[in-house]
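Keep the model open beside you as you read.

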Amino acid sequence: MSAGQSIDDRDPHASLDTLLEQVLACRICEEHLPLGPRPVLRAHATARILVVGQAPGTRVHTTGIPWNDPSGDRLRTWLDVDRDTFYDVTRFAIVPMGFCYPGRHPRGGDLPPRPECAAHWHAAILALLPNIEL
């Protein structure tokens, strides 16, 4: 950003890219994450569909690819889209409620998403996704 230029004067793609870089570097809830922070999300200002899930599972945490597990296969089947279309960031934004794997519940299953992500990041991200229709 040049001197004297406000964030509102910038290219919206650039401001979303900057915000996503900040999200990917986020460490807000690091002390609560058993596998450490690894925010997993994707977004582009031209995306028209927003997919919001709970939080990444262990496979997604390992690969860094959202919905890269059997639940993603099922979701893509329900949506009737192939992997290439689903992972086309210009079409689909993928912004879960919690960006990192929250850990395992002692009685089984994953813990719910950490609340920090949505509270801290969602409004800013959604404000930079002007074309979302679904």
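D80 counts as exposed because its relative accessibility is 68%, and exposed here means over 50%. Keep in mind as you look that this is a predicted model. You will find D80 in the loop between helix 3 and helix 4, just after helix 3. Its backbone deserves a glance too: phi of D80 is near 60 degrees, a positive value in a residue other than glycine. Most residues other than glycine have a negative phi.

Now go back to the loop between helix 2 (58-63) and helix 3, where W67 is found. Here, too, phi is positive in a residue other than glycine, with W67 near 55 degrees. How exposed is W67? At 23% relative accessibility W67 counts as partly exposed, since buried would require a value under 20%.

Helix 3 itself covers residues 70-79, and its buried residues are G72, L75 and R76. Viewed down the helix axis, these buried residues fall within an arc of 95 degrees, so they line one face of helix 3. What covers the buried residues? Strand 1 (49-51) and helix 4 (83-86) are included in that cover.

The largest nonpolar core has 16 residues, and L41, F99, W121 and I125 touch the most other members. Helix 1 (12-24) and helix 5 (116-127) each supply at least two residues of this core, with helix 1 giving the most, 4 residues.

Finally, let's look at the open space. Rolling a probe the size of a water molecule over the atoms shows where empty space is left. The largest pocket holds about 270 Å³ of space. Which of its 17 lining residues are the closest to the centre? They are G53, Q54, A55, P56 and G57. Sorted by class, the lining of the largest pocket has 11 nonpolar, 4 polar and 2 charged residues.

Technical notes. Residues numbered from 1 in each chain as written. Predicted model: local features only at pLDDT ≥ 70, side-chain atom pairs only at ≥ 80, totals over all residues. Heavy atoms only, no water. Core = buried A, V, L, I, M, F, W, Y, C linked by side-chain atoms within 4.5 Å. Buried < 20%, exposed > 50% of the residue type's maximum accessible area, 1.4 Å probe, protein only. 1 Å grid on protein atoms, 1.4 Å probe; cavity = no way out; pocket = protein on both sides within 12 Å on 5 of 7 lines; lining within 4 Å. Points joined across faces, edges and corners; volume = space filled by probe spheres on them. Nonpolar A, V, L, I, M, F, W, Y, C, P; charged D, E, K, R; others polar. Arc of directions from axis to C-beta. Contact = heavy atoms within 4.5 Å.
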